[in-house]
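Here is a short tour of a protein for you to follow alongside the sequence and the 3D view. Have both open as you read.

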Amino acid sequence: MRTVPDFPEPGVLFRDIMPLLADPVVFAEVVAALAADAPGPIDLVAGMEARGFLLAAPVAMALGAGVVPVRKAGKLPGPVASATYALEYGTATVEVQPFTVPDGSRVLVIDDVLATGGTAAATVDLLERCGAEVVGLSFLVELGALRGRDLLPGRAVDVLLTL
Ligand code: PRP
Ligand code: HPA
């Protein structure tokens, strides 16, 4: 992993996970570990755009689950459900197609990095408004100092690595 100061804007110490995913052995280990930590049977794995997609799809395959993209605004044809939230840098809106999330489906949320938790909290809210049961959230890296877990009270949060 690389640590890049002042990316994508001044003051942000950016942890770059791309070298981990570019290594075939580490990539396979990460996917296997995320799948092994899944809390019980999973119907759908939801992954956040864009880096979450890289992990959500292979974890869904490993679990025999479907995959749902949680996309930035304007990328999915409607109808969509949406949520707006504050990011470590800027704000964002995420969207899901509710008709891809059957009522009561057991959903595992996967992303590469848990930072302030805004993306994850908005994603949980969005999926639950669509009728999902969010049974857990898993991340490759947690940036502990940013206290993202505080926005996910009572949730099963699994991380492979805390920095
Ligand atoms: C990053 C990361 C998470 C989110 C974490 O995505 O992949 O989705 O930020 O930050 P938070 O916990 O403070 O909400 P980003 O929005 O940079 O998009 P990208 O994956 O398209 O690069
Ligand atoms: N690295 C990668 N993704 C992120 C970061 C970071 O430091 N902060 C928010 N999203």
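Where do D125 and R129 lie? Both sit in helix α4, which covers residues 118-129, and they are four residues apart, about one turn of the helix. Please keep in mind as you go that this is a predicted model.

## Overall fold

The protein contains four helices and nine strands.

If you are picturing its dimensions, the C-alpha trace spans about 40 × 35 × 30 Å along the principal axes. Looking at contacts with a separation of 6 or more, 58% are made by residues 24 or more positions apart.

## Inside and surface

Of the 163 residues in the protein, 44% are buried. The accessible surface comes to about 7,600 Å², and carbon and sulfur atoms hold 58% of this area.

As for charge, there are 11 positive and 19 negative side chains. The centres of the two sets lie 3 Å apart.

## Salt bridges

Side chains of opposite charge can pair when their charged atoms come close. How many salt bridges does a search of the whole structure find? The search finds seven, and three of them are worth a visit here.

Let's begin with R2 and D16, whose side chains meet in a salt bridge at 3.0 Å, N to O. This pair links distant parts of the chain, with R2 in strand β1 (residues 2-5) and D16 in strand β2 (residues 13-16), 14 residues apart. Is D16 buried or exposed? D16 is buried, because its relative accessible area of 13% falls under the 20% cut-off.

## Two more pairs

Back in helix α4, D125 forms a salt bridge with R129, and their closest N and O atoms are 3.1 Å apart. D125 is partly exposed at a relative accessible area of 35%, and R129 is likewise partly exposed, at 49%.

Finally, find R147 and D150, whose side chains meet in a salt bridge at 2.8 Å, N to O. R147 has 54% relative accessibility and so counts as exposed, being over the 50% cut-off. D150 is partly exposed, with a relative accessible area of 47%.

How values were computed
Residues are numbered from 1 along each chain as its sequence is written. Chains are lettered from A and ligands numbered from 1 in the order in which they are written. This is a predicted model: local features need pLDDT of at least 70, side-chain atom pairs count only at pLDDT 80 or more; totals for chains, interfaces and linings use all residues. Side-chain values use heavy atoms; hydrogens and water are left out. Helices (H or I, at least four residues) and strands (E, at least two) are DSSP runs, numbered from the N terminus. Buried means under 20% relative accessible area, exposed over 50%, partly exposed in between (1.4 Å probe, protein chains only). Contact means heavy atoms within 4.5 Å. Accessible areas come from the Shrake-Rupley method with a 1.4 Å probe; for residues, only the protein chains shown count as cover. Lys and Arg count as positive and Asp and Glu as negative; His and the chain ends are not counted. The place of a charge is taken as NZ of Lys, CZ of Arg, CG of Asp or CD of Glu. A salt bridge is a side-chain nitrogen of Lys or Arg within 4 Å of a carboxyl oxygen of Asp or Glu.
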